[in-house]
Amino acid sequence: MGPNVTVNSVLELESRLLSFTAHRNPALKFSRSAFLITIDTEGDNMWAYPKTLTTENAGYLGRFQSLCERYGFKPTYLTDYEMVMCPAYREFARDAIRRGAAEVGMHLHAWNSPPAVPLTANDYQFGPYLIEYPESVMREKVHVLTGLLEEHFQMTPVSHRAGRWAFNEIYARILVEHGYRVDCSVAPSVSYRKNPGNPTGVGGTDYTQFPALPYFLNLQNIREAGDSTLLELPVTIMDLRPSWAKRIPTGSLPGRLVNRLRPSVAWLRPTGKNLKAMLRVVRSAVHEQRPCVEFMLHSSEFMPGGSPTFSTEREIDLLYAHLDELFAESSRFFAGATLAEFRDAVVPQEESPADSHS
Ligand SMILES: [Zn+2]
């Protein structure tokens, strides 16, 4: 399978997604493309690799949920182990699920998700990737966390994002075994190779050659579209540089200067400094007629000091001012959907992607 096959399959899926969003699911009113909100729902300030995990940020999610609801948007809370075990979060998420206002999926940080299996000299310091563990341990960790989500939320989780964006074919197959139907671990055009997990490992996943648009995963090669039941919904990351800037080699001195003035990739992820870039991403997606865009943030980023990005009350208020403007603009073009709702609109439950080609 050469790269052309991949591109064709992605384009084919793209047109399928467009026609499905437009016509196939009137119940969901997908007359417009979808604004997908993914929240990595995890303990406070995981960037500091704390030895003792706290989950105070659960108390700050209500404000974000209310903002989403004001614009008809439905967050998907990709939830990790310590948050499943947090009563305040469970109460919040159960209420949102009951009202049909959100979805709970899985997010897995390998080093603290049971069963505990030491991998490095200090797993809490290195934060090894799940894909660095033996396959049997990977499977067991996915199995246990899936079971906890089922037990505490009385539903079968179908959506997933890997901890620290580390994903591979084995992981994808384990997700399918456990009934997952959507993955959103792909960060197009970004490489995590230089971010070590296990210090003796090869680093994180390199997504530089991955598709930016939704595709059903090939379980033998997750970079390519295939006929599995697992829909990949990459987080929205765009290269917004003008074409002249794209021609300058990134490693060169002029390339580095340009990159400082105009960063080469723009995420649909607030930093407190990137409202304009996020609005440009949304408008470009509208212009390209994308079937969806995918926003991401961490639950801890809604709490002052819960992340390195937003330390103070003032910075949180600025974050909300940016979110308000981004959501107001986006709601003119996009309809809200959870990841599972979007997937079901693309391919109804009873139809598999393999069937739909015939
Ligand atoms: Zn995480």
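Helices are taken as DSSP runs of at least four residues and are numbered from the N terminus. In this predicted model, helix α6 is followed by Gln154, whose phi is positive, near 50 degrees.

Helix α6 spans residues 135-153. The helix has 19 residues and reaches 27 Å from its first C-alpha to its last, close to the 27 Å expected at 1.5 Å a residue. Buried positions in α6 include Met138, Lys141, Val142, Leu145, Thr146 and Leu149. These residues cover an arc of only 125 degrees around the axis, which means that they lie on the same side of α6. The cover over the buried residues of α6 includes strand β2 (75-79), helix α3 (81-84), strand β3 and helix α7. On the face turned away from the buried side, α6 carries the exposed residues Ser136, Gly147 and Glu151.

Backbone angles were then examined. Most residues other than glycine have a negative phi, and most peptide bonds are trans. Gln154, which is not a glycine, has a positive phi; this residue lies in the loop between α6 and β4 (159-162). Gln154 counts as exposed because 10 C-beta neighbours lie inside 10 Å, and the cut-off for an exposed residue is 12 or fewer. Arg164 also is not a glycine and has a positive phi, of about 60 degrees. The place of Arg164 is the loop between β4 and α7 (169-177). Arg164 is buried, because 22 other C-beta atoms lie within 10 Å and the cut-off for a buried residue is 20 or more. The peptide bond from Pro114 to Pro115 is cis, with omega near 0 degrees. Pro115 is found in the loop between β3 (103-108) and α5 (123-126).

A further loop, between β5 (182-183) and β6 (215-218), contains Gly201. With 16 C-beta neighbours inside 10 Å, Gly201 counts as partly exposed. Leaving aside neighbours within four places in sequence, Gly201 is in contact with Glu132 and Pro196. Gly201 and Pro128 are 73 residues apart in sequence, and their C-alpha atoms are 8.9 Å apart in space.

The strand that ends this loop, β6, forms a hairpin with β7, with 2 residues between the two strands. Strand β7 comprises residues 221-225, runs antiparallel to β6 and is joined to β6 by 2 bridges. In one of these pairings, Asn218 has Asn221 of β7 as its bridge partner.

Definitions and conventions. Residues are numbered from 1 along each chain as its sequence is written. This is a predicted model: local features need pLDDT of at least 70, side-chain atom pairs count only at pLDDT 80 or more; totals for chains, interfaces and linings use all residues. Two residues are in contact if their C-beta atoms, placed from the backbone, lie within 7 Å. Two strands pair if DSSP finds at least two bridges between them. The expected span of a helix is 1.5 Å times one less than its number of residues. The arc is that of the directions from the helix axis to the C-beta atoms.
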